[in-house]
Amino acid sequence: MLRLHDTATGTVRPVELRVPGTVSMYVCGPTVYDVPHLGHGRFTLVFDVLRRYLEFRGMTVRYVSNVTDIDDHIITKAAAEGRTESEVASEYEAMWWDAMDALGVKRPTETPHATEYLPDMVRLVEELVDEGIAYETADGVYLSVEQVPGYGLLAHQTLDSLRAGARVEAGEHKRSPADFALWKKAKPGEPTWDSPWGPGRPGWHTECVVMALDLLGDDFDLHGGGIDLAFPHHENERAQAVAVGRAFARHWVHNGFVEVGGEKMSKSLNNFASLTDLLARADPRAYRLLVLRAHYRSPIEVNPATVDQADSALERLDELARRFDLDGLPTSTTAELAVRDGADRQAVESFIERMDDDLDTPGALAEVFELVRLANQAADAGDVAEGRHLAQTVVVLCGALGLSLRSASVDLDDVTAALVDERDAARMRRDWRRADAIRVKLEDDGWVVEDTSDGTRLHRRAAP
Ligand SMILES: [Zn+2]
């Protein structure tokens with residue numbers, strides 16, 4: 001049985017499903033006003049791996065992840081660029097899905113958009129006002145958090161310390177600093193929706209609680225996101241559900257930060273590294289492998305060196321696929337079927353043991369790379385059948401992690417091969433200008449150009 005860390009209890013505990021065999025999970029999606037950054041890449045990969053693993057264990061997963069298509073950032077950007085909010089949101093949402101497809105992240109079962117849920121959000125806020133838990137002020141409607149039992153559960157802080165740490169923004173009229181906005185009354189020039197409190201728009205925390213409960217129902221299994229969302233976002237989602245007497249998530253799962261140059265990556269620090277940029281320059285599978293090499297709750301460091309290390313590890317997997325000429329596409333098989341079809345039972349069981357232990361992907365990868373070693377060793381000793389048996393198991397386990405292996409080396413035409421040689425020579429003599437010019441030429445021809453310790457490597461850009 002899968003055990004996962006639960007932020008609410010602060011312990012690793014078994015995931016007890018509402019309905020055995022099916023998993024309902026909600027993961028907070030993007031606010032679409034900019035290119036996706038590395039942190040987005042990480043959380044989507046972590047939860048993609050969790051979802052794929054649950055499916056590998058034979059479960060049916062309903063995976064809901066929202067798109068926030070109205071918020072302050074979108075409004076500000078639209079105003080600055082003289083466009084509508086929906087034009088801004090559509091542009092960046094398209095970019096989001098391009099990046100997700102390149103990363104091999106499976107599309108969620110449902111992707112609700114905030115703007116589709118306005119009437120439901122207004123209804124929830126009304127209910128909270130009727131219950132006397134929310135109150136109207138000059139600038140909006142706020143939730144009085146001291147009336148919510150257990151507020152501070154995910155923050156692991158008392159109400160007093162939360163109150164002491166809370167900030168009140170200019171123009172906010174609320175009774176207590178820890179209270180949060182459910183509804184924001186319209187300022188001039190903003191998009192608005194009607195409500196009993198006049199025109200305005202909902203707060204972000206109201207969006208997710210409404211969508212999660214509408215699509216997954218009360219008492220759903222897992223709620224996930226980056227650790228930066230645990231407080232206040234998830235705390236506040238939970239507070240609204242609790243306040244109207246509805247059972248919310250059974251289990252809270254949060255992943256760690258992405259660090260760049262040793263600093264925590266966040267928008268406020270302004271060290272915004274783009275996922276799109278990384279995907280244009282490296283094999284997208286290398287980022288998945290880099291994420292898998294760390295435990296999901298630990299921070300990861302993303303820089304050219306760590307990407308290159310992941311890439312070398314990936315090359316060992318591809319090499320194995322080439323040696324046995326295996327079709328390395330991710331399989332949608334289950335553990336049970338894979339064993340029935342000839343995967344190594346003991347290896348699959350060891351893999352499951354690691355993954356069941358709070359999604360220990362570094363441990364699971366160690367099992368995979370041990371199999372790679374054994375497969376090569378068997379083939380070197382002349383036992384090709386055993387080597388192939390183990391290599392096929394590697395493909396199955398990588399598939400469970402969403403990692404596809406490439407058995408075919410890329411066929412380069414003569415002109416392209418000559419450009420690669422010329423670029424490597426230019427890099428050797430530190431002629432960066434020439435090396436960059438050739439990179440641009442290759443990219444124009446539809447290649448992803450990757451710099452590795454063995455020189456230039458090319459991949460075909462993923463089909464749009
Ligand atoms: Zn959310």
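Donors of a metal are N, O and S atoms within 2.8 Å of it (3.2 Å for Na, K and Ca); water is not among the atoms, so sites may look incomplete. By that rule, the zinc ion here is coordinated by Cys 28 (SG), Cys 208 (SG) and His 233 (NE2), at 2.0 to 2.2 Å. The model is a predicted one, in which local features need pLDDT of at least 70 and side-chain atom pairs count only at pLDDT 80 or more, while totals for chains, interfaces and linings use all residues. Residues are numbered from 1 along each chain as its sequence is written, and side-chain values use heavy atoms, with hydrogens and water left out.

**Zinc site**
- The donor residues follow the spacing C-x179-C-x24-H in sequence.
- Helices (H or I, at least four residues) and strands (E, at least two) are DSSP runs, numbered from the N terminus.
- Cys 28 counts as buried because its relative accessibility is 2%, and His 233 is buried at 1%.
- Buried means under 20% relative accessible area, exposed over 50%, and partly exposed in between (1.4 Å probe, protein chains only).
- Helix α7 also contains Pro 232, which a cis peptide bond joins to Phe 231, with omega about 5 degrees.

**Overall build**
- The protein has 16 helices and 15 strands.
- Its C-alpha trace spans about 75 × 50 × 35 Å along the principal axes.
- Of its 464 residues, 53% count as buried.
- Among contacts (heavy atoms within 4.5 Å) between residues at least 6 apart in sequence, 74% join residues at least 24 apart.

**Lys 185**
- Lys 185 lies in strand β7 (residues 180-185).
- Leaving out residues up to four places away in sequence, Lys 185 touches Glu 136, Thr 137, Ala 138, Asp 139, Gly 140, Trp 197, Pro 199 and Gly 200.
- Asp 414 is 229 residues from Lys 185 in sequence and 64 Å from it in space, C-alpha to C-alpha.

- Asp 219, not a glycine, has a positive phi of about 65 degrees.
- Asp 219 sits in the loop between α6 (204-216) and β9 (222-226), and is partly exposed with a relative accessible area of 25%.
- Arg 430 also has a positive phi, near 60 degrees.
- Arg 430 is in the loop between α15 (414-428) and α16 (432-444), and counts as exposed at 62% relative accessibility.
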